[in-house]
Amino acid sequence: MPNFYDIADSVKIIDLTDSKFKTFRVAVKMVLPLNPKTASEYAMLTSIVSRVIKEYPEYTAFSRKLASLYGASIYADVAKMGDNQILSVALGGISGRYAFGGEKMEQELLAILISAVFSPLKDERGLFPKESFIQEKRQLLEAIDADFNDKRIFALDRAMKELFRNEKSGISKYGTSQSVKNTDENTLPALWDEALKKAKFFIFVSGDCDFKYVENTMKSQFRFEREPYNLTNETLPAGETLHEVCDEMKLSQSKLVVGFKTECKNNNALKLMSVIYGGSAISKLFMNVREKMSLCYYCSCRPLLLKKALFVESGVETEKLPAAKEAILNELEEIRKGNITEEEFFTAKLALYNSLNGIEDSLYSLEIFYQNQIFEENVITPKEQYEAFEKVTLDEVIEAAKLTKLDTVYELKGVIK
């Protein structure tokens, strides 16, 4: 069981250390409310502050330094979790036990990480390096373009915006292309300082390293006044009338995303229901809608437990869109009626077991598993999570389906022009 320690106001450090690994990883995660005015800037900032540091202001020199530390790597990432944006800067490298030169790897890598996060490089104007700003702005625009060009990702993103049309979670983790283009480099330093002051911090320490050293060093960085946000995750019920949206594009394959809201409070039952519905190779959507009825190229269900929502994604020939939609809804109705075979129930639990089984073999997977619990009152291990799934009854799955209501249907209709 990992230990969560409070080291400052709304700053937790999580001990996931384990000597079975030959590497270690320290990840600083800053959680902030999603805001359309700042989403793009924050998405850009994690990469800007970690591209170069004060001690190595040139990109090539910094890369050489990391390479000299046995191929250490620095990572920047942005994610969306509920109504919040998570900014991550992480460093990973080999355990000090395996350093040929006897280097203190925790000290070396932690110094780099602290420099990037708490004292990022600025030029004589007090701004982040111009080259870093231009480079990361371009790369963020490319990431947004890549999501637009992948129509499966694009369709899901559009459906999320529609399902969460009155909630913060409808905001993209990247913001918009226009907001990226409008970013003013002069505002970025103050925005990063604001994040340091107001974000909730979760610092994950995993692998083979000296946790106490990391804890004490990190604790010493928070000797400044903080005013942390009160983070929330709003959950709204399904609308009284169906919300339908259709976009048309020149495509050979249409996309259909069906969005549901649920009032089910039993997350374990809801997760298991979603696997029976469309989360495995013998799920109802895969076996019936895709295989037997040949209505779509793919058809799967993904739950967003924190937002009490589910999405069914499918790739469909344009003329089959109405039939696919009807079939997708019919399969949920079958679960509500209790038409679930023993094989479906057993295989769904087996699929969940397999998804949890390898988590503790990867530092990153372990980190994400516990990151997904930062808003939970009780933190559990992968083994405890599976044991909780095992206890879910068929009646609880049926009840979860009954409490799940259709809210949004999004169609990305392929047209030949």
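**Ground rules.** I'm working with a predicted model, where local features need pLDDT of at least 70 and side-chain atom pairs count only at pLDDT 80 or more, while totals for chains, interfaces and linings use all residues. Residues are numbered from 1 along each chain as its sequence is written, and side-chain values use heavy atoms, with hydrogens and water left out.

**Entry 1: Thr183.** I started in the loop between α6 (177-181) and α7 (188-198), where Thr183 lies. My labels for helices (H or I, at least four residues) and strands (E, at least two) are DSSP runs, numbered from the N terminus. Is Thr183 buried or exposed? Thr183 is buried, because its relative accessible area is 7%; the cut-offs are under 20% for buried, over 50% for exposed and partly exposed in between, with a 1.4 Å probe and protein chains only. I then listed what Thr183 touches, not counting residues up to four places away in sequence: Glu41, Met44, Phe133, Lys137 and Leu188. Contact here means heavy atoms within 4.5 Å. I also found a polar atom of the Thr183 side chain 3.0 Å from the backbone oxygen of Val180.

**Entry 2: Arg302.** Next I went to strand β9 (residues 298-304), which holds Arg302. Arg302 counts as partly exposed because its relative accessibility is 36%. Leaving aside neighbours within four places in sequence, I found Arg302 in contact with Leu156, Ala309, Leu310, Phe311 and Glu313. Which side chain makes a polar contact with that of Arg302? I got Glu313, at 2.7 Å. A polar contact is a pair of N or O atoms within 3.5 Å; within protein, one must be able to donate a hydrogen and the other to accept it, and residues adjacent in sequence count only if both atoms are side-chain atoms. I also checked Arg302 against Arg64: they are 238 residues apart in sequence and 41 Å apart in space, C-alpha to C-alpha.

**Entry 3: Arg158.** I found this arginine in helix α5 (residues 151-163). Arg158 counts as buried, since its relative accessibility is 16%. With neighbours within four places in sequence left aside, Arg158 is in contact with Val245, Asp247 and Tyr410.

**Entry 4: α9 with α14.** I looked at how α9 meets helix α14 (residues 382-390): they pack at an angle of about 75°, with axes 9 Å apart. Axes are lines fitted to C-alpha atoms, for helices over the stretch in contact, and angles run from 0 to 180 degrees between N-to-C directions. α9 and α14 are therefore roughly perpendicular to each other; angles under 35 degrees count as roughly parallel, over 145 as roughly antiparallel, 65 to 115 as roughly perpendicular and the rest as oblique. Asn268, Lys271 and Leu272 of α9 make the contact with Gln385, Ala388 and Phe389 of α14.

**Entry 5: α9 with α11.** Helix α9 (residues 267-278) also packs with helix α11 (residues 321-336), at an angle of about 130° and with axes 10 Å apart. That makes α9 oblique to α11. On the α9 side I noted Met273, Ile276 and Tyr277, and on the α11 side Ile328, Leu329, Glu331, Leu332 and Ile335.

**Entry 6: Ser10.** Last, I looked at backbone angles and found phi of Ser10 near 60°, a positive value in a residue other than glycine. Ser10 is in the loop between β1 (3-8) and β2 (11-17).
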